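Subject: Structure handover

Hello,

Please find the structure below. My notes come after it.

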Amino acid sequence: MLENIALIKEVIELMPTQEAQNLAKEELSKINLSHLGAYRVGQCSSLEIFYIMFIRAMMTKDTHILIDMPYTIIDNLENIDEVIDNIQRLEYKNKKIFILDTVNHESRYGNLDNLDL
Amino acid sequence: MIIKFIENIGTKTINSFDSIYEALQFTFLCLIHIVNPRSYNPAMRMVLVKQIYFTAVTIVPLFIVMAFIFGSIIIGVVIALATEYSLQDKIGSIIITFVIDEFAPFFTALLISLRSGTAVNTEIAVMHVNKELNTLKEYNIDIIDYLFLPRIISGVISVTFLSILFALIMLSSGYIFTLFYMNMDFHTYKALLLNAIEVRDLVILLLKSIAFGFVIMMIPIYSGFKTGNSYTAIPISVLNGMVKLFIAIFFIEVLALLLQSL
């Protein structure tokens, strides 16, 4: 997955492979998932794939990240709080994060009112 | 009834020309990317190295064994026939023409088509069906630079390298046969080949290998890229890609023979 995350920096910013992969490793280690670096997509759970997708999105120059219906992306997600905690640990500088979901999931976002996402 | 029949022929002809035009356009686009230095970003170079490893390096043990077996048998048959028809003085030229001009690039092309051509066709088709190609486009990653170029370049490099290796092993294994069948010593065999080989033979080997390497990757990539949107379209794409690839290989072979006879 390291290559997957590093790809954006390598192609768009022409960052050397090693440097881009170190950056990817650093981001993964912030949420204690550095072991995923050596994994292939089939070896990861949907939650792990979600984090990888999020870090990959952070690697772009875009200022907005849209998470579209997290409860459908991540299997058996009971509580979004843990996911939000991990996202905050990733220190997304200069990026605004939007979570898009349907009204029937509204109650699951009860604790998010105070967050600056 | 007749008008309908003629209309069908017309439609099929137009569709065929359309597909050929589209394929040529795609090839031209890839060639432009090949000569553009900006295509060679770090990610592309990494994929290229991996692709060369998978296409050319991992196959080497099997390739050596096959080249040795085929080399001994085929050179044996050639020498036996040449002896039967009293063409001993032409054995050097026959071996060089047969091995370097024809057999080594052609056999390498067939082997790499079966192994890597099918793999690349399936890989691109699966990526297309899974919308991975769209995801790459969304991230502004040029799929020609990142996915197609490394495979095309690795095809050219691998087929050229393996053709040379195949020719060398085949010629070496041919010595074993000449030793036992004709009682020929190594120096005589070496002199026989060195006297027969010309720069023209090496140029033919290189040009054919480059042409084979290019189509071996180009056609499966294009076929995979043009796959329908369902998983059931993947085997059809591989099947069509392989048929087109084999036609292209035979076309290059015939074209090379025609050019050599000029």
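Here is what was found, starting with how to read the model.

This is a predicted model, in which local features need pLDDT of at least 70 and side-chain atom pairs count only at pLDDT 80 or more, while totals for chains, interfaces and linings use all residues. Residues are numbered from 1 along each chain as its sequence is written, and chains are lettered from A and ligands numbered from 1 in the order in which they are written.

Chain A

Chain A holds five helices and two strands. Both kinds of element are DSSP runs, numbered from the N terminus: helices are H or I with at least four residues, strands are E with at least two. Their order along the sequence is α-α-α-β-α-α-β.

The C-alpha atoms fill a box of roughly 45 × 30 × 20 Å along the principal axes.

Of the 117 residues in chain A, 24% are buried. A residue is buried if 20 or more other C-beta atoms lie within 10 Å of its own, exposed if 12 or fewer, and partly exposed in between; C-beta atoms are placed from the backbone. Among contacts in chain A with a separation of 6 or more, 65% join residues 24 or more positions apart. Two residues are in contact if their C-beta atoms, placed from the backbone, lie within 7 Å.

Helix packing in chain B

Two helices to look at against α6(B), residues 143–181, are α3(B), residues 60–84, and α2(B), residues 42–57.

- α3(B) and α6(B) pack at about 50 degrees, with axes 7 Å apart. Axes are lines fitted to C-alpha atoms, for helices over the stretch in contact, and angles run from 0 to 180 degrees between N-to-C directions. The pair is therefore oblique. Angles under 35 degrees count as roughly parallel, over 145 as roughly antiparallel, 65 to 115 as roughly perpendicular and the rest as oblique.
- The residues that meet include Phe63(B) and Ile64(B) in α3(B), and Leu162(B) and Tyr181(B) in α6(B). By class, this contact has 15 nonpolar, six polar and no charged residues. Ala, Val, Leu, Ile, Met, Phe, Trp, Tyr, Cys and Pro count as nonpolar, Asp, Glu, Lys and Arg as charged, and the others, Gly among them, as polar.
- α2(B) and α6(B) pack at about 40 degrees, with axes 8 Å apart. That makes α2(B) oblique to α6(B). Their contact divides into 13 nonpolar, five polar and two charged residues.

Met46(B) sits in helix α2 of chain B. Met46(B) is partly exposed, with 18 other C-beta atoms within 10 Å. Its C-alpha atom is 9.6 Å from that of Tyr146(B), 100 residues apart along the chain.

Where the chains touch

The contact takes eight residues from chain B and 10 from chain A. On the chain B side, α2(B) gives the most, with three residues. That side has six nonpolar, two polar and no charged residues.

Two loop residues

Asn32(A) is not a glycine, yet has a positive phi of about 55 degrees. Asn32(A) is in the loop between α2 and α3 of chain A. Phi of Asn140(B) is also positive, near 60 degrees. Asn140(B) lies in the loop between α5 and α6 of chain B.

Best wishes
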